Amino acid sequence: MKTFAGFHGRYWRFDLGTGTGAYIPLDEAVLRRFLGGVGLGAWLLHRESPAGVDPLAPEAALVFAFSPLVGTPLTTSAKFAVVAKSPLTGMISDSLSSSHFAIHGKRMGVDAIVLVGACAQPSVLVDGALRPTDLWGRSSEEACAALAPYGTVAAIGVAGEHLVRYATISNDGRHAGRGGLGAVMGAKKLKAIVVRGEVRTELSDAPAVLAIAKDLSKRSFGPATAKYRELGTVGNLLAFNRLAALPTRNFQSGTFDQAAALSAEQLAPTRAKAKRSCASCTIGCEHIYAFGDAKSVRVEYENVFALGPLCGIGDPDAVLAASKRCDDLGLDTISAGGTIAFAMECAERGLIAGPRFGDAAGLMALLEDIAHRRGLGALLAEGSRRAAEAIGSGSIDFAPQVKGMELPGYEPRALQTMALGFAVGTRGADHNRSGAYELDFSDTVDRLKGSPEAARLAAGTEDRAALMDALILCKFLRGVFTDLYAESAAMLRAVTGWDVTAAELVATSARIVALKKAFNIREGWTPASDTLPKRFLSEGLPDGASKGALIPRERLQDMVRAYNRARGWTDDGWLPDTVYEELAL
Amino acid sequence: MAHSAIVLCGGLSSRMGRPKALLPWRGRTLVEHVVATLRTVVDDVVVVTSSELDLPRLDAVVVRDREPKLGPLSGLRDGLAAASNDLAFATATDAPFLSAGFVRTMLGFGRAAAPVVEGFVQPLSAVYPRALTTTADALIAAGRMRLLHLLEAADFRSVAADELPEVESTRNLNTPDEYLGAVRRDDPGARAQVELFGLMRTTSGAATIDVDAGTLGEILDRVQSDFPMLRLRAAGEVAKNILVSLNGQAFVRDASLPVGAGDCILLMDAAVGG
């Protein structure tokens, strides 16, 4: 008999090959040790995905994990994690998305949905049963709209159908964006999953939850979230450019001479049309900009950086149109922009025929070709690492990836603690699982000279992210908390009834990070994986406030070693037996 | 007769809050200014610095202080070892009023010599024979770390202030007040610049603002006074909701930090990421 609240204590495992599902109990000990979201998702992936499996094989598991806070009035808690072995990296990918899918998925009476097997033909999963679909070939937005009468929908676009290794899964206008989870779903020939239900979890101390929720909501209106509320993340762009931290022309520079034209400061006054928010969110970070002929798109820094400066494109209409097209096709904007920017540099070096930097029409055409795997797009659908391996001629040195995943919009030479975060990240170059850039933007470290002393602090940002991603809470709240661990413990106590403490959550977050690392080791990680492309280790930035900055290989190695030591792992990054014993896999 | 000069800039600049060598002075950094002044008098300049400090390109030989924790005697020892000539004038980097005439006069004594100003020997405006390198090693080994011991070992010539031109050459700057006082006296119209990003730019309508040189706190107060919609200060500190970068390099939060002529303060929203 379940004695704790906030969870259903079971997950739903559905075999797409046989069309049958089963509810499988989840021990309280597992839930308490790994919580929900990426923690529970990673634990289920260990359990449900065979070692060494091809990420696109039927046997590969695709996990949708909810969390104890979903369904509560706590702001930003309507989130879920999608977890699978990434077809882009061969390592774990844990991607987050938000809004009604989380709420209605959990109301199915489960803490997670695990999909295994593959459909015999293109199908959708509705009310626990597979249905053949004629939505194959349609955009994710069209699929979501068509299936809306049956519940809340997560769907793939054309890119997922064509197994593009950085295809997304979309729901409620949001996307589980990184690591190619849409390709995993596409390989299963599953166009969409629809969730609905009425089973709510009880709260252990509802008045306490409500009080915490009211206080958190109130604080979420304060200055710590003002930028997200008023300007959105694209407010980063001009400041990053000034610091020479704005990746430009495939990381050949940290400044872009047309940055102002793409900045929130310049675009917002004329193009901002509306603001939106996810379900259960008081921040409202979604900024909708107009472009072209009466069209509109949600604008984020990462979209604009990847499809703009990274590709040498400064026309806002072109960048916003490309961003919208990525959403429609179901492409991760960061990996799409990164891979195309890599191809543009290859073209400029004469290694391939294709569009060059600044060619907006070429960018749009390549997005289509990638999503449909046509021509050069078939190669680029594999991501920059595989493309570089095929192109050869040393192009791997400037393929903008770590472990196969393309870098987000943080120039590592200009933000060298973040560079460490990229190098050791379990899902590859990642700004959402490591917040080490916060240290670079502080008086704690020298952003242009990474040091081993910063490694412990960098690991701390990963731990905090792991906790927020397991609870799940939006990271835009992080500046709101005075003490994330203590306040999270108070939330969990009120929701679940557990006597959880801040100290327990400190251990929990480190455990989740180790759990993901353990998965990667199982799937073939070696210490050589924790590095950066040669460009960052050998070419100084050419201009701007970070001119001359580079990360000598020895410096990066010292930082990685210090990071591993700070975690209690071996110097090379292997997990000691004590960690495996503690994980109890 | 050819001479050398040594510039010591390996100190921590802890009271100044930022590296003194890199303080702006007359359109360039202080170390560039001092080196350029010395180059009009001597044949070679040796700059002794710490491994942490990234100096601009200088018309000088730059050596890293081998044992920076030992203080100026260690740095001077390293400087003398790298000097090309038998006699070297040694100065700290924070000597904005150092004059060529002063240096020339000091070197004219042709031996170890140090000015005495207001009753105090000034060992960082003094002349040292290169041959003192081994004496410096011996003093360091004996734990006698004061530069005065080195001068005494060389039987130095005391030079009275009235024997010297521009005795202000011996003046050093250790605190923000001393630096900003020197800046204002040298150029009463000294201006710094503030660049606004993100919400601060959209709410104030201002992208760049010229301000008088001053401490960071004074400058933020001035900007906030001109743009009351901004929240730059809280309880005497830099407000938590903003990030402050000095010249696009270090991020700073110390309100007493000196901001000199030509410095640029970048103000950004603290919530970075996403």
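This briefing walks through two interfaces: one between chain A and chain B, and one between the two domains of chain B. Please keep in mind that the model is predicted. Chain A and chain B bury about 2200 Å² between them, while the two domains of chain B bury about 430 Å².

**Where chain A meets chain B**
- The contact draws on 30 residues from chain A and 27 residues from chain B.
- A:Arg242, A:Glu265 and A:Phe441 supply 25% of the area that chain A buries here, more than any other three residues.
- Of the area buried between the chains, 62% lies on carbon and sulfur atoms.

**Polar links between the chains**
- There are 2 salt bridges between chain A and chain B; one of them pairs A:Lys449 with B:Asp54 at 3.2 Å, N to O.
- The interface also has 6 residue pairs in polar contact.
- On the chain A side, helices H8, H9, H11 and H18 each supply at least two residues, and H9(A) gives the largest share, with 5 residues.
- By class, that side of chain A has 16 nonpolar, 4 polar and 10 charged residues.

**Inside chain B**
- Chain B is divided into domain 1 (4-174) and domain 2 (190-269), whose centres are 34 Å apart over C-alpha atoms.
- In this contact, 5 residues of domain 1 touch 8 residues of domain 2.
- B:Met16, B:Arg18 and B:Pro24 supply 84% of the area that domain 1 buries against domain 2.
- B:Arg18 also forms a salt bridge with B:Asp263 (2.6 Å, N to O), and the count of salt bridges across this domain interface is 1.

Technical notes. Residues numbered from 1 in each chain as written. Chains lettered and ligands numbered in written order. Predicted model: local features only at pLDDT ≥ 70, side-chain atom pairs only at ≥ 80, totals over all residues. Heavy atoms only, no water. Domains from an automatic or database assignment. Contact = heavy atoms within 4.5 Å. Buried area = accessible area lost by both parts, 1.4 Å probe. Salt bridge = Lys/Arg side-chain N within 4 Å of Asp/Glu carboxyl O. Polar contact = N/O pair within 3.5 Å; in protein donor to acceptor, adjacent residues only side chain to side chain. Helix = DSSP H or I, 4+ residues; strand = E, 2+ residues; numbered from the N terminus. Nonpolar A, V, L, I, M, F, W, Y, C, P; charged D, E, K, R; others polar.
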